Protein chains: 2
Amino acid sequence: MQAEIIAVGAELLTPYRQDTNSLFLTDRLNRMGIEVTRKTIVGDDRKQIAGTFAEALRRAELVISIGGLGPTEDDQTREAAAEALGRRLRRDEAVLREIQERFRRYGRAMAPVNERQALVPEGAEPLPNPNGTAPGLWIEADGRLLVLLPGPPRELMPMFLGQVEPRLRERAGDRRLLTRELRTTGLPEADVEQLIAPIYTRYEGVQTTLLAAPGEVQIHLRAWTRQPEQAARTLDELVERITLALGRHVFTTQGEALEEVVARLLNAHHATLALAESITGGLIAQRLTSIPGSSSYLVGGIVCYSNEVKTAWVGVPGELIRQKGAVSAEVALALAQQIRERSGAALGLGITGIAGPGGGTAEKPVGTVFVALSDGRRALERSAHFPGDRERIRWQASQLALDLIRRYFQFPAGQH
Amino acid sequence: MQAEIIAVGAELLTPYRQDTNSLFLTDRLNRMGIEVTRKTIVGDDRKQIAGTFAEALRRAELVISIGGLGPTEDDQTREAAAEALGRRLRRDEAVLREIQERFRRYGRAMAPVNERQALVPEGAEPLPNPNGTAPGLWIEADGRLLVLLPGPPRELMPMFLGQVEPRLRERAGDRRLLTRELRTTGLPEADVEQLIAPIYTRYEGVQTTLLAAPGEVQIHLRAWTRQPEQAARTLDELVERITLALGRHVFTTQGEALEEVVARLLNAHHATLALAESITGGLIAQRLTSIPGSSSYLVGGIVCYSNEVKTAWVGVPGELIRQKGAVSAEVALALAQQIRERSGAALGLGITGIAGPGGGTAEKPVGTVFVALSDGRRALERSAHFPGDRERIRWQASQLALDLIRRYFQFPAGQH
């Protein structure tokens with residue numbers, strides 16, 4: 001089964017706002033074996049919407065629209081659906097009572113415009129909306145299906161999950177989409193591609209997509225199948241071969257964020273951590289504390305932008321900073337060792353660098369980063385020179401630091 | 001002039017990836033007075049792409065496509081354009097030489113598949129690509145214009161800015177889009193809407209869009225005009241009236257992020273700041289240090305998740321934590337006062353709360369936040385109970401804290 005998604009709304013054609021509902025819908029549809037073959041974003045013009053509906057219904061068995069079901073004149077999706085299907089709109093008294101009831105419950109008077117929301121194309125079935133006034137609509141037409149959903153995610157999501165998905169599942173057939181996701185860090189996208197293209201191109205039934213983010217390359221594997229067990233074996237084999245080819249650069253085969261992997265490792269080893277962040281300014285702490293339960297391993301962190309704070313709060317000797325510079329391997333190491341000692345944590349991590357746009361020199365240009373991790377006996381150290389703007393450099397620096405912690409646990413024998 | 005944007009690529013029809021190039025293009029087109037009336041996302045199927053081109057060219061004077069210009073069999077945009085226009089593809093020797101030259105420069109052998117990138121529909125004009133092998137194409141057809149751009153942003157953006165925009169500007173006419181953006185915090189979207197709808201609905205020539213983000217509502221004003229001076233006066237008047245209606249909740253009329261406003265205020269007052277973050281775990285420090293030059297006002301920060309660190313590093317009396325609880329107005333105030341004293345900063349900010357999902361009680365449920373700002377003489381204090389998940393709660397908490405700093409400077413007489 002193939003589907004098209006149509007998002008309606010003038011605000012989706014501005015530079016400020018993007019349709020994100022279609023990502024949720026695509027995920028849910030794919031899980032049922034329904035492929036999304038096109039997405040269209042149109043404004044609030046009735047003729048344009050009607051034309052889009054008619055074209056989409058010629059191509060796809062299932063057409064889902066998002067938005068334009070509100071009470072105001074801007075909202076033209078109901079009218080456009082009726083026009084595209086050549087049907088009349090009728091007022092649905094049950095829908096009207098529900099809307100009136102909703103207003104009564106909230107102690108507000110219903111504006112006359114809201115009556116428009118009770119208009120329904122002939123033969124359409126309203127989908128109740130417990131989270132708003134706009135009902136959805138389920139419309140069968142010549143063996144095709146047109147489903148109209150409201151735009152706000154907190155209305156659309158429960159309506160789709162509760163009312164649309166169960167009915168679609170019945171007719172979706174036995175085709176399924178199986179997926180796997182690997183994530184790597186420390187290799188540019190081109191290198192990942194070069195290493196794994198000779199492998200994945202031999203798997204014709206698997207769609208492989210590489211997505212590059214700062215300091216990370218994700219590898220998405222997708223297989224459409226009617227034989228899920230066999231396809232799962234194929235995908236697992238491919239995951240294994242890719243992992244072998246990329247080695248220690250793969251930090252997850254489960255689609256986890258790097259901070260989740262690090263949190264899991266710290267918990268599994270009952271290890272605690274303290275941070276002394278200069279260049280990242282709290283970003284590493286923020287990422288680690290975004291994981292529930294982070295208080296069990298994160299003792300605390302210090303954001304030590306100034307040399308004075310590096311010395312007074314963390315304990316880096318002022319003499320060392322003067323001799324080597326605040327951005328140096330020696331200061332990163334001292335930050336790691338000192339924060340560990342002062343906090344009583346099992347591990348101390350220190351990071352320093354130049355995020356720019358100013359502050360770079362010929363010897364230490366913008367993008368230079370030094371990071372160190374100390375456990376009291378030994379220390380792992382890394383340095384890098386990252387491209388990009390301030391935000392990109394800081395994010396890559398946080399990836400480098402988190403990856404150092406991961407490698408400390410996963411490859412204790414060295415060769416990090 | 002009206003334009004449609006067509007993004008090509010199977011990966012844009014997965015749940016993982018979204019077309020973002022169209023936001024950049026829409027912004028640039030809008031500035032020239034060109035309105036985007038539709039966006040379409042299609043897979044790598046030649047027939048589908050060709051059909052989309054043909055339909056779009058019937059509706060709009062300008063059609064811009066993104067992606068599908070690579071060397072592999074997946075890449076079908078060139079062929080689809082030729083098919084839609086009924087033109088043949090010819091090999092452009094100059095383009096071929098450029099691609100060969102590029103490979104030579106990087107010391108790599110050109111694969112035979114790359115020859116496909118030198119195919120050009122008859123009458124099309126290649127747009128050189130200094131950042132990749134895929135040239136763009138500029139194609140005039142019966143008074144309409146079809147422009148094909150490569151997908152990677154670092155190829156698309158310079159090509160559009162350097163080669164497409166100057167030529168479009170010549171024919172775009174004298175219609176212009178003027179925009180204004182206000183941002184507010186501390187009011188839910190529905191309240192903002194209720195306060196300003198009676199105002200903005202009276203300005204018929206201005207499109208007003210409200211966008212809600214956690215802890216923030218943005219108000220976008222857009223006016224299409226041939227009389228820019230008059231429209232600018234109208235917009236400025238509307239901005240003034242909206243600002244009056246929303247009062248202190250407006251933190252910018254220039255489209256700035258809240259951390260930018262706070263950074264500007266700290267700099268303007270030559271004030272320094274130190275942070276003691278529990279619930280936000282480094283998020284406030286990270287946001288402030290994302291602004292270049294933050295070392296001039298941010299002395300440092302401590303991420304104090306555990307009670308021990310609150311006491312040992314920041315100096316909150318253990319007795320106070322035992323009596324009032326780590327999540328309390330008293331501990332937020334002590335964090336603010338102590339971090340200020342220990343750091344020597346002009347201002348100290350302390351924040352504590354429960355981000356969840358665990359840790360809530362009947363008295364202090366998940367989402368409870370206490371924040372305090374001390375200047376040594378007096379303290380501002382706030383508390384809130386935020387809805388949403390962990391990420392949303394932490395972000396709203398950081399908004400509340402940053403807004404407290406803003407109000408300290410902007411409304412020194414009180415009533416924050």
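Reply: Before we read any sheet, take two strands to be paired if DSSP finds at least two bridges between them; helices (H or I, at least four residues) and strands (E, at least two residues) are themselves DSSP runs, numbered from the N terminus. What stands above is a predicted model, in which local features need pLDDT of at least 70 and side-chain atom pairs count only at pLDDT 80 or more, while totals for chains, interfaces and linings use all residues. Residues are numbered from 1 along each chain as its sequence is written, and chains are lettered from A and ligands numbered from 1 in the order in which they are written.

Me: What is the order of the strands in the open sheet of 4 strands in chain A?

Reply: In general, the strands of a sheet pair through backbone hydrogen bonds, either parallel or antiparallel. Here the order is 10-11-9-12, with antiparallel pairing. Strand 10 and strand 12 (250-252) of chain A stand at the edges, and because each has a single partner strand, one side of each is left without a neighbour in the sheet. Neighbouring strands are turned by 30° against each other on average, direction ignored, where axes are lines fitted to C-alpha atoms, for helices over the stretch in contact, and angles run from 0 to 180 degrees between N-to-C directions.

Me: How many bridges link strand 9 and strand 12 of chain A?

Reply: Strand 9 (residues 176-184) and strand 12 of chain A are antiparallel and share 2 bridges, and one residue pair to look for is A:Arg183 with its bridge partner A:Thr252 in strand 12. Helix 6 (residues 189-200) of chain A lies across strand 9, strand 10 and strand 11 (216-225), running at about 170° to strand 10.

Me: How is chain A divided into domains?

Reply: Domain bounds come from an automatic or database domain assignment, and in chain A they give domain 1 (2-171), domain 2 (176-252) and domain 3 (258-410). The C-alpha centres of domain 2 and domain 3 of chain A lie 31 Å apart. Their contact takes 8 residues from domain 2 and 11 residues from domain 3, and two residues are in contact if their C-beta atoms, placed from the backbone, lie within 7 Å.

Me: How many residues of chain A are in contact with chain B?

Reply: There are 49 in chain A, and they are in contact with 49 residues of chain B. Strand 2 of chain A gives the most to the side of chain A that touches chain B, with 7 residues. By class, that side has 21 nonpolar, 21 polar and 7 charged residues; Ala, Val, Leu, Ile, Met, Phe, Trp, Tyr, Cys and Pro count as nonpolar, Asp, Glu, Lys and Arg as charged, and the others, Gly among them, as polar. Strand 2 of chain A also pairs with strand 2 (residues 35-42) of chain B, in the antiparallel sense over 5 bridges, and A:Thr40 has B:Thr40 as its bridge partner.

Me: Which sheet has 10 strands, and what is their order?

Reply: An open sheet with mixed pairing runs 17(A)-16(A)-15(A)-13(A)-14(A)-14(B)-13(B)-15(B)-16(B)-17(B). Its edge strands are strand 17 (379-385) of chain A and strand 17 (379-385) of chain B, each pairing on one side only, and the twist averages 10° from one strand to the next. Within this sheet, strand 15 (residues 347-353) and strand 16 (residues 368-374) of chain B run antiparallel and are joined by 6 bridges.
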